[in-house]
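Q: I would like to learn how to read the faces of a helix, and then the sheet, in the model below. Could you take me through them?

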Amino acid sequence: MPTESNIKKHSLLSPFSFLYGIGVRFRNQLFDWGVLPTESYPIPIICIGNLAVGGTGKTPHTEYIIRLLKDSHRIAVLSRGYKRKTSGFILANNQNTSIEIGDEPYQMKHKFPDILVAVDANRRRGISNLLALPNDQRPEIILLDDAYQHRYVTPSLSIVLTDYHRLFYIDKLLPAGLLREPVNGIRRADIVIVTKCEKDMKPIEYRIIEENMKLLAHQSIHFTHITYGEIEPVFASQAKPLTRKAIRQGEELLVLSGIASPGSFIKEARKLSEKVTPLIFPDHHDFGKSDIRRIKSAFESMSSSKKYILTTEKDAARLSDNPYIPEEWKAYMYYLPITIEFCLEKRFDDEIRKHITTFQRDHILR
């Protein structure tokens, strides 16, 4: 089990973390006192966020909720659209690129074309624009992606994710650690999910983590792990289907990753082939000409006659419309889609459904 002693921190930066913490605590206090305004809405607003920067698995968990609700409700996902080259409010369509709306919204829109996906750094403006849509298009539920610190909106339900390998209560504030706000920020959450758990966790580990979190009586905790699906082509019209069984141990994989925590992805790739060459880039990396040259050099240096480029689902969203990708690469570029599964009994589904039913009933009675 991860402990405070085995996660990377920058102790020399602790004085800056102290100053940063003063600023964040003061800002939160202004919201608590009502000095800074916050707004509630007449439909369920479910926020999926975290206390730390970096990858805790927000996108696959958001997609899980989409699958849970999309057949019974009109769903909208509202994201900031991190690293997009546009600004303001955009209601995504199937022609938008990842450059226009960001890689994660692009991924969700293409996986779930029938739901609304919008981007706007100003979440209040984004919600107002979604609620201004015609009655037959207006969402009944909005999922706020990565908006836990965006306190100008009061969500009806807040879900906080924390990575099993770097649990929030053993982390430090930026820049010494990765926390965006102090540990007591977890008290605003309704549901806490420990993500990226090991599949063979023992019951005592679940209990220790829950005890260390010191959650309030109304807060629930869940545990999930990542499941990788079958291999998919980045360019479906130009690549042949490729299954796990089809990759023999003698074939080589150039494993491309531009996500915050690539460890589990590389580990999964090593299950496919004994010959894996990882190329690691920063999270949400925008692949430029020099990156393509670096990838080309690594790929050409691989000696096997059969070799593939394997990337993450999020990176595939950016690479699929990257103008620098050579045409000849498109026949052998693939990605591994991911989903999440709950480790214990699936109470989470019932909690989400109950929240929506209760919110809608209470709103009618007002």
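Q: Which exposed residues does the face of H8 turned away from its buried side carry?

A: In this predicted model, that face of H8 carries Lys289, Arg293 and Glu300, where exposed means over 50% relative accessible area, buried under 20% and partly exposed in between (1.4 Å probe, protein chains only). Residues are numbered from 1 along each chain as its sequence is written, and side-chain values use heavy atoms, without hydrogens and water. Local features need pLDDT of at least 70 and side-chain atom pairs pLDDT 80 or more, whereas totals for chains, interfaces and linings use all residues.

Q: Which residues of H8 are buried, and what covers them?

A: An α-helix has 3.6 residues a turn, so residues three or four places apart point the same way. In H8 the buried residues are Asp291, Ile292, Ile295, Ala298 and Phe299; seen down the helix axis they fall within an arc of 125° (taken from the directions from the axis to the C-beta atoms), so they line one face. Their cover includes strands S10 (252-257), S11 (275-280) and S12 (307-312), contact meaning heavy atoms within 4.5 Å.

Q: In what order do the strands of the open sheet run?

A: Helices (H or I, at least four residues) and strands (E, at least two) are DSSP runs numbered from the N terminus, and two strands pair if DSSP finds at least two bridges between them. Here 9 strands form an open sheet with mixed pairing, in the order S3-S4-S2-S5-S1-S6-S7-S8-S14. Its edge strands, S3 (90-91) and S14 (338-342), each pair on one side only. S1 (residues 45-50) and S6 (residues 157-163) pair in the parallel sense over 5 bridges, and Asn50 stands opposite Leu161 in S6.
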